[in-house]
Amino acid sequence: MTGMKRLIGMPVICEGKHIGSIVRGVLRSDGKALRGLVMRDGLRLSRWIEADNIALLGKLTVISRRPPVRMPKDAGYRLFRVTDADGLRVGVVTDVLLDETTLRVTALEISSGPLDDLLDGRWYATAFDISSTGSTGHVTIPCRTN
């Protein structure tokens, strides 16, 4: 497993050449798998690598099967607010854990706030549903027990 935050800044290799670095990952609207990666090469515009074109999410690099393409219009999609089944706000999504081979989401890292992070640490949700509202996804988890 790897976190999407760990991918930021990772070099992208395509056809044996370094073509840029990862800026961020984007999930599908259902939040269950990686949709693609946003990459950048210096001062050039951001480019898009579709998940189907990712040959390897390694420890040190990302290998792409094809060169990156123009960014899709909805590539700004992000997960943010987390509530429980009763509608109580429990935190925000701070990272996403991915399976490197299948590019499926295995867990969401959730922060309940700075003070709670210091006292209890961040926690992971493996069971969740997502409802999309434009460019953000609202995460609902079963009622949390401490």
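Q: In this predicted model, which residue has its backbone oxygen 2.5 Å from a polar atom of the side chain of Ser64?
A: Ser64 belongs to strand β7, which covers residues 62-64. A polar atom of the Ser64 side chain lies 2.5 Å from a backbone oxygen. That oxygen belongs to Arg66.

Q: Is Ser64 buried or exposed?
A: The relative accessibility of Ser64 is 4%. Buried means under 20% relative accessible area, so at 4% Ser64 counts as buried.

Q: Which strands stand at the edges of the open sheet of 6 strands?
A: The strand order in this open sheet is β5-β4-β3-β2-β7-β6, and the pairing is mixed. A strand with a single partner has one side left without a neighbour in the sheet, so the edge strands are β5 (47-50) and β6 (54-57).

Q: What does the twist average from one strand to the next?
A: The sheet concerned is the open one with the order β5-β4-β3-β2-β7-β6. From one strand to the next, its twist averages 35°.

Q: Which residue of β4 stands opposite Arg24?
A: Strand β3 spans residues 17-27 and strand β4 spans residues 34-40. The two pair in the antiparallel sense over 6 bridges. Opposite Arg24, the residue in β4 is Val38.

Q: Which residue of β5 stands opposite Leu37?
A: Strands β4 and β5 run antiparallel and are joined by 4 bridges. Opposite Leu37, the residue in β5 is Ile49.

Q: Which residue in the turn between β4 and β5 has a positive phi?
A: β4 and β5 form a hairpin, with 6 residues between the two strands. In the turn, a positive phi of about 65° is found at Gly42.

Q: Is Leu119 buried or exposed?
A: Leu119 is part of helix α2, residues 114-119. Its relative accessible area is 61%. The cut-off for exposed is over 50%, so Leu119 is exposed.

Q: How much accessible area do Leu115, Leu118 and Leu119 have together?
A: These three leucines form a nonpolar patch on the surface. Leu119, one of them, is exposed. Together, Leu115, Leu118 and Leu119 have an accessible area of about 380 Å².

Q: Is Ile130 buried or exposed?
A: Ile130 lies in strand β12, residues 129-133. Its relative accessibility is 18%. The limit for buried is under 20%, so Ile130 counts as buried.

Q: What distance separates the C-alpha atoms of Ile130 and Ala107?
A: Along the chain, Ile130 and Ala107 are 23 residues apart. In the model, their C-alpha atoms are separated by 13 Å.

Note on methods:
Residues numbered from 1 in each chain as written. Predicted model: local features only at pLDDT ≥ 70, side-chain atom pairs only at ≥ 80, totals over all residues. Heavy atoms only, no water. Patch = residues over 30% accessible without salt bridge, like charges linked within 9 Å, V, L, I, M, F, W, Y side chains within 5 Å. Areas by Shrake-Rupley, 256 points an atom, 1.4 Å probe, with all protein chains shown as cover. Salt bridge = Lys/Arg side-chain N within 4 Å of Asp/Glu carboxyl O. Buried < 20%, exposed > 50% of the residue type's maximum accessible area, 1.4 Å probe, protein only. Pairing = 2+ DSSP bridges. Axes fitted to C-alpha atoms, helices over the stretch in contact; angles between N-to-C directions. Polar contact = N/O pair within 3.5 Å; in protein donor to acceptor, adjacent residues only side chain to side chain.
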